[in-house]
Amino acid sequence: MELPARVEALSLSGVSAIPAEYVRPADERDELGDAFDLLDNDQQEERIPVVDISPFLMTCCLPSSNKEKEEVVEAVRRAASEWGVMHIAGHGIPDEVMDRLRAAGTGFFALPIEAKEAYANDPGSGQLQGYGSRLATNASGQREWEDYLFHLLQPDHLADHKLWPAHPPDYVDATRQFGRHVRDLASTLLSILSLGMDLPPSKLEDELTTNHNKKVKGDPEEEELNMLLQMKINYYPVCPQPELAVGVEAHTDVSALSFILHNGVPGLQVRHADRWVTARSESGTIIVHVGDALEILSNGRYTSVLHRGLVNREAVRVSWVVFCEPPPDAVILRPLPELVSHPDHPPRFTPRTFKEHLDIKLFKKKKKQQVIIDC
Ligand SMILES: O=C(O)CCC(=O)C(=O)O
Ligand SMILES: [Fe+2]
């Protein structure tokens, strides 16, 4: 039987048993289940840390004390090293900006599938941006229970707004406005994370935008590099057998940082202390993941968090993930020299461009090898 291209169509068809392509291997199924049930039955005390970074936001009337800032740096440092993930409160992005973003993405996915197909991507021919579903990317031919929309968000002048949905009419403005805010938040967090390693605040962002291939400084051809923000809206339809499927299989993000908003339906799980912890809704916060690029730059002081997306029987889950990454070819990801200058702290990662790192990860996934960051 030929499967529908979209998981949404499969879900709406009312099947009671999911096709074999979506059934996970036995060892992975042990700990799967309906995300609502797993959250209800989670007796563990340990929660993903919530960190309020408001002392770092420019407030003209109430300047923050150094002590308040030091406490933020320590809380972010701990969360980034012990968990690799945190809920950020006091991030300065107004509620109405986040609500508008959610309304825009929800409006797009509410369109009939045929209307969304006008935005279909074509990974086979290199067109990654657009509406898609995860085809099998591993040797066993398994698929994930989600459809998505993917496009470059920032820098604005590189974003191709023609590829962004024209419906709902607010999509472009709402998503663009959110992009500007997340860009600022990324800079603030990278400063805090630099301070957390006793380095100058601009260190991490400078390293993520340093063109190691450039000729001489001052060369007129020297490009101005910027970090890229990529938007991925994950749409997880209702699943009749959530104990057999996953929305997104366990992985670490290749990015430096990833920012996640969602529609309040549970599903995100992170690996911590040898168990899966289901993320709770913490109102008004944004979830931030440490990705591979930051783990490499920090020589492992910060942890690229292993995570996955579960599905459920009751409600569609939607998440908005913004990946903040270095430009693919020009920047060499390597442990910061300041962190590896002592013989007791040798570099744990081989220098590579972001693109090379990504290619190695994809190659291993196809071969169904264990995906580890270095090789
Ligand atoms: O849906 C989520 O909360 C996480 C999705 C995710 O990990 C990803 O798209 O990389
Ligand atoms: Fe992810």
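Which residues does His151 touch, not counting residues up to four places away in sequence?

Modeller: Keep in mind that this is a predicted model. Leaving out residues up to four places away in sequence, His151 touches Gln129, Trp164, Tyr171, Thr175, Gln230 and Met231. One of these, Tyr171, also makes a polar contact with His151, side chain to side chain, at 2.8 Å. His151 itself belongs to strand 4, which runs over residues 147-154. The relative accessibility of His151 is 1%, so it counts as buried, because the cut-off for that word is under 20%.

Now to the ligands, starting with the metal. Ligand 2 is an iron ion, and its protein donors are His251 through NE2, Asp253 through OD and His307 through NE2. These donor atoms lie 2.1 to 2.2 Å from the iron. Along the chain, the donors follow the spacing H-x1-D-x53-H. Two of these donor residues can be compared with the cut-offs for accessibility. Asp253 has a relative accessibility of 6%, so it counts as buried. His251 has 25% and therefore counts as partly exposed, since that class lies between 20% and 50%.

Some side chains in the shell have a polar atom close enough to ligand 1 for a distance to be listed. For Arg317, a polar side-chain atom lies 2.9 Å from an oxygen atom of ligand 1. For Lys232, the corresponding distance to an oxygen atom of the ligand is 3.1 Å. For Asp253, which is also a donor of the iron ion, the distance from a polar side-chain atom to a ligand oxygen is 3.4 Å. On its own, ligand 1 has 300 Å² of accessible area, and the protein covers 98% of that.

To put the pieces together: His151 is a buried residue in strand 4, with a polar contact to Tyr171.

Notes. Residues numbered from 1 in each chain as written. Chains lettered and ligands numbered in written order. Predicted model: local features only at pLDDT ≥ 70, side-chain atom pairs only at ≥ 80, totals over all residues. Heavy atoms only, no water. Polar contact = N/O pair within 3.5 Å; in protein donor to acceptor, adjacent residues only side chain to side chain. Areas by Shrake-Rupley, 256 points an atom, 1.4 Å probe, with all protein chains shown as cover. Helix = DSSP H or I, 4+ residues; strand = E, 2+ residues; numbered from the N terminus. Buried < 20%, exposed > 50% of the residue type's maximum accessible area, 1.4 Å probe, protein only. Contact = heavy atoms within 4.5 Å. Donors = N, O, S within 2.8 Å, 3.2 Å for Na, K, Ca; no water.
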